Amino acid sequence: MENNTPLASLDEWEMDILKRYPDPSNIANEKAVEAFRDYEAETRDTVKEFYRLNHQYQSYDFVIDKKNEFLQFNKKEMPIWNAFDFLNELVDDSDPDTDLDQMQHLLQTSEAIRNDGHPDWMVLVGLIHDMGKVLCLFGEPQWSVVGDTFPVGCAYSDKIVYPEFFKSNPDYNHEIYSQKYGVYAPNCGLKNVQLSWGHDEYVYHMMKDHLPEEGLYMLRYHSFYSQHRESAYDHLMDDHDHEMFKWVKLFNPYDLYSKNPNQKSWEELQPYYKALVKKYLPETLKF
Ligand SMILES: [Fe+2]
Ligand SMILES: [Fe+2]
């Protein structure tokens, strides 16, 4: 029987990204460099199994099906604050390393952005960027909610983590989807490209009428590591994407490296965030 939930928690995937892309401010630190070198050796079987499933099942047809299912937003309607409570149900008891619940990660990210004086819509992006993980509570398996994202409908890049697992994907030997450009034209722009399904695409569609385009790029492509870290898909990007990816790259370190042990309490922060949400978002959101 297939195990659809190999990860002890969704954070396990994020911890794994940190091993691949260690905090550059710690890079001189011997341990971090070593951890990076030993990436393959140290990667837990659960993470490997998670990527095996993700790469096997994220095909072009799968993405289209999931979009048809979830982008109707007919599952639930609730204020964003209920969604955060909902999200916190994802906290698992099996992983002793996970000391932060999902809401804490979101606040750490948004507060770090706020402390650096970025525009308030970017602070809001920090707060909501992982809200799409509520997909898990609609019964979606982990490999369909988190994980690095990548284009489907064209050849999978070998710059994506564990590229060998794509051999089990039905598109791997597809006449068109296995080609460099697949169903796309050279430099057609990401707006014409289907990315693997997950929490990024879902939250982007939820927010697309409410935030500036720069913020929408951050939401939609924050897990697209093979592009924003490895530039593996320049051949599909257009000039506008390159311009906008400056913002995606600006956002990424806040997502990965903002861990403040002296974080203010939610009680203290609440008035600011209530006002921020009110400024940009409607009373309730559709999921
Ligand atoms: Fe995320
Ligand atoms: Fe995140």
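The chain has 13 helices and 2 strands. The model is a predicted one. Of the chain's 287 residues, 40% count as buried. Now take contacts between residues at least 6 apart in sequence: 76% of them join residues at least 24 apart.

Turn to one helix, H8. This helix covers residues 120-128. Is H8 mostly covered or mostly open? Mostly covered: 7 of its 9 residues are buried. The buried residues are Met 122, Val 123, Leu 124, Val 125, Gly 126, Leu 127 and Ile 128.

What do these buried residues pack against? Their partners are five helices by name: H7 (102-115), H9 (199-207), H10, H12 (239-257) and H13 (266-280).

Helix H10 spans residues 213-221. The axes of H8 and H10 lie 9 Å apart, and the two helices pack at an angle of about 20°. Angles under 35 degrees count as roughly parallel, so H8 is roughly parallel to H10. Their crossing is right-handed.

Which residues meet where H8 packs on H10? From H8 come Trp 121, Met 122 and Val 125. From H10 come Gly 215, Met 218 and Leu 219. Sorted by class, this contact holds 5 nonpolar residues, 1 polar residue and no charged ones.

Notes:
Residues numbered from 1 in each chain as written. Chains lettered and ligands numbered in written order. Predicted model: local features only at pLDDT ≥ 70, side-chain atom pairs only at ≥ 80, totals over all residues. Axes fitted to C-alpha atoms, helices over the stretch in contact; angles between N-to-C directions. Helix = DSSP H or I, 4+ residues; strand = E, 2+ residues; numbered from the N terminus. Parallel < 35°, antiparallel > 145°, perpendicular 65-115°, else oblique. Left-handed = near helix turned anticlockwise from the far one by under 90°. Contact = placed C-beta atoms within 7 Å. Nonpolar A, V, L, I, M, F, W, Y, C, P; charged D, E, K, R; others polar. Buried ≥ 20, exposed ≤ 12 C-beta atoms within 10 Å, placed from the backbone.
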